[in-house]
Amino acid sequence: MNVPLLACHGVDVRYGERWLVRSLHIEIAAGERWVLVGPNGAGKTSLLFVLAGVRMADGGTIDLAGQPMAKWSVESLAGLRALVADHWIDPFATSVLDTVIAARYRMRGAVRAGKRADQHAEAVGRQCLAVMDCAGLADRDVRFLSRGERQRVALAAALAQETPLVLLDEPISHQDPRHQFQVLQQLDLRSDCTYIGALHDINAAARFATHALLLSGDGSWQAGESSNVLTNANLSQLFDTKITQIEVGSHRVFVATGAAPS
Amino acid sequence: MELPRLPAATALRILVAGALLALLAALRFGSVGVSSGALLQALLDIVQGRDEPSLAATLLALRLPRALTAMAVGGLLALSGALLQALLRNPLADPYVLGVSGGASCAAMLAIATGLGAAAIALCAAGGALAALSLLFLLAHRALFARDAALDQGRDSAILLTGVMIASLCAAALSLALAVAPDGKLRTMVFWLLGDLGGAVNPGMAGLAVAGWLLLLFIGQRDAGALNLMLGGDLQAYTQGVPTTQVRRRLIAVTALATGTAVALAGAVGFVGFVAPHLVRRFVGSNHRVVLPAASLLGAILVLLADTIGRSIAAPLQLPVGALTALVGVPVFIWQLQRP
C-alpha cells in the first residue's frame with residue numbers, strides 16, 4: 001500500500017466564527033489532479049493555504065509525504081510543494097528570469113557551487129518560462145507585465161521549484177481562452193506531478209481534474225472522482241443556480257442558466 | 001521599460017574607488033588645504049613612528065577620525081534604509097520617515113536641555129532611536145510578522161502609517177522642546193537636529209564606528225538572498241523555503257542597531273538612508289546581494305562629501321552635514337528620476 005502524498009485527518013478550517021470546512025478526510029495520491037470547487041468565499045483559498053502548510057488548520061492533522069506537516073522544516077517543505085497564489089507583489093524592478101530562478105532558493109547551495117550550477121538554474125528557468133509560453137518575456141521587468149503574463153510567470157516559477165506537489169489558486173483566472181487551455185494542458189503533461197487547484201471555471205475543472213472537492217462554505221464538503229462529483233445536480237445545489245449540460249461537438253459543457261435550482 | 005544593468009562587480013569597483021577618492025578629498029580640503037604628497041609623508045611618518053609635528057600630520061590626526069566617522073554614519077544609514085525599504089516593500093521607507101530620527105532627536109534634546117555631556121547625548125540618541133523603532137514594531141507587530149496572505153497587501157501601509165504617526169508625535173515634542181529651551185542651548189540643539197560631525201575627533205571611536213558598520217553590513221548581507229524572495233511577499237517566500245519570521249527579526253535588529261549607532265555618532269543626518277538605495281537600484285537592479293553593499297558604500301561617499309563641503313565651502317564656518325546631504329542629494333536624485 002502506497003503512502004498518500006497528502007492526507008487530511010479531520011481537518012477543520014475556520015474564518016473567524018464561521019466554519020469553512022469541518023472534519024475533512026481526504027487522501028491524495030501521487031499523480032492525481034484535484035480541483036476545489038465552490039462559491040465565492042467558500043474557503044477554497046483558505047483550505048489551499050492550510051494544505052500548503054502556510055496556515056494552521058483549526059483542527060485535525062495533515063500528513064505530507066507520510067509525515068505530519070508540522071514536522072517538516074520550512075526548507076524541506078519548499079522541496080515538497082509549491083504554491084501559485086493569485087496575487088503578486090513586485091515593489092522593485094526585477095527581471096522575469098530572475099523571478100523564476102529565485103523560486104529555486106532551496107537549491108541555492110548548488111548555486112554557490114559555481115558557474116555550471118548557475119547555468120543549470122538559468123536553463124531550467126528558461127525552459128519553465130517556455131512551457132508557460134513566456135520565453136519572450138525573460139528579460140522584461142515583472143512590474144510591467146499584464147496580469148495574464150504575470151500569472152504565467154508565477155506558474156513557471158512554481159514549476160522551476162521542482163516539487164512533487166503544486167497548489168494552484170485560480171491558476172487561469174487571468175488567461176485568455178487559448179492560454180487557459182494551454183496552461184492546464186502543460187500542467188497535465190507533467191504526469192509525475194500532483195496538483196490541487198482552486199478553479200472557478202467548472203468546464204476547465206472537469207477537463208483537468210481526476211478528483212474534485214466541493215466546498216459549500218458552511219463546513220460541509222463532498223470529495224471523490226471528478227466524474228462522480230462534478231454532476232449537474234451537485235453543482236446546481238452548490239452554486240444555488242441551475243446548471244445543465246449541453247453537447248458541443250463531442251464535448252459536454254456545463255452551462256449556468258441563471259434560473260433558480262429545481 | 002528596460003531594466004538597469006550595470007554589472008555588479010563594475011558598480012562595486014566604481015563605488016570603492018569613489019569612496020577612496022572622497023576620503024582623500026576629505027583629508028586634503030578644509031579650512032586649510034594640504035597637498036596629497038604632504039599627507040602621504042605625514043602618514044609614512046606616523047607609520048614609521050617618527051614624531052615630527054608637521055601641519056599635515058596635525059590635520060591628518062584631526063580629519064581622519066571625522067572622515068571615517070562620516071563614512072560609517074553614511075554607510076549605516078544607507079544600510080538601514082535599504083533594509084527597511086525591502087522589509088516593508090515600500091520605496092518610501094527610511095529610518096527618518098518612520099520616526100526613528102524623531103525618537104533619537106527627542107531623547108537627545110532632553111539630554112542637551114538637562115545639560116548632559118556629549119557622550120551622554122550620543123547614548124540618549126541611540127536609546128531614543130531604539131525606543132522609537134521598538135515602539136513601531138510593537139504597534140505594527142501583527143502586520144509585520146503575520147504570514148496571512150490578505151495581510152501581505154495591507155501590511156506595508158499599516159507599518160508606514162504607524163511610523164509616520166510616531167514621527168509626527170516626535171516632531172511635535174521637538175517643537176515644544178525648542179520653544180521652551182533656554183537661549184544658550186538653542187544653537188547646540190539646532191545643530192544637532194541638522195546632523196553634526198564636529199564631535200568626531202576620537203580615532204578609537206572612529207575605528208569602532210567603521211568596524212560596527214562593516215559588521216552590520218556583513219550580518220545583513222547573509223540574509224540578502226532571503227530578502228530578495230521576501231520582496232515578493234512573505235507568503236511566497238515562505239513557500240519557497242525562507243523562514244520569514246526569523247529573517248525579519250534578524251534584519252529589524254540590524255536596522256535598529258545601525259540607525260541607533262549612526263544617530264549617536266552624528267545626530268540626525270536625514271535623507272541618506274532614503275536616497276542611496278534608490279540611486280543604487282537604478283544602476284544595479286533589485287538584487288540585494290548587490291544593493292546592500294553598494295547602497296552602503298554610496299551612503300558613505302555621500303555623507304563624507306557633504307561633510308567635506310560643509311567644512312570647506314564657508315570656512316571657518318562649519319555647515320551642518322545633514323543640510324548638505326540633502327542639498328547635494330536632492331538635485332542628483334531628481335536628475336536621476338528625470339532620466340528616461
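Strand E6 of chain A pairs with strand E7 (residues 165-169) of chain A. The two run in the parallel sense, joined over 4 bridges. One such bridge links A:Leu83 to its partner in E7(A), A:Leu167. This is a predicted model.

**The sheet**

- Strands E6 and E7 of chain A belong to an open sheet of 6 strands.
- Read across the sheet of chain A, the order is E6-E7-E8-E3-E9-E10.
- The pairing in this sheet is mixed.
- Strand E6 (81-84) of chain A is one edge strand, and strand E10 (221-225) of chain A is the other.
- Each of these edge strands pairs on one side only.
- Neighbouring strands of the sheet are turned by 15 degrees against each other on average, with direction ignored.
- In general, strands of a sheet pair through backbone hydrogen bonds, and the pairing is either parallel or antiparallel.

**Where the domains touch**

- On the domain 1 side of chain A, 10 residues are in contact with 7 residues of domain 2 of chain A.
- Helix H8 (residues 202-208) of chain A gives the most to the domain 1 side, with 3 residues.
- By class, the side of domain 1 of chain A that touches domain 2 has 6 nonpolar and 4 polar residues.
- Charged residues are absent from that side of domain 1 of chain A.

Note on methods: Residues are numbered from 1 along each chain as its sequence is written. Chains are lettered from A and ligands numbered from 1 in the order in which they are written. This is a predicted model: local features need pLDDT of at least 70, side-chain atom pairs count only at pLDDT 80 or more; totals for chains, interfaces and linings use all residues. Two residues are in contact if their C-beta atoms, placed from the backbone, lie within 7 Å. Ala, Val, Leu, Ile, Met, Phe, Trp, Tyr, Cys and Pro count as nonpolar, Asp, Glu, Lys and Arg as charged, and the others, Gly among them, as polar. Two strands pair if DSSP finds at least two bridges between them. Axes are lines fitted to C-alpha atoms, for helices over the stretch in contact, and angles run from 0 to 180 degrees between N-to-C directions.
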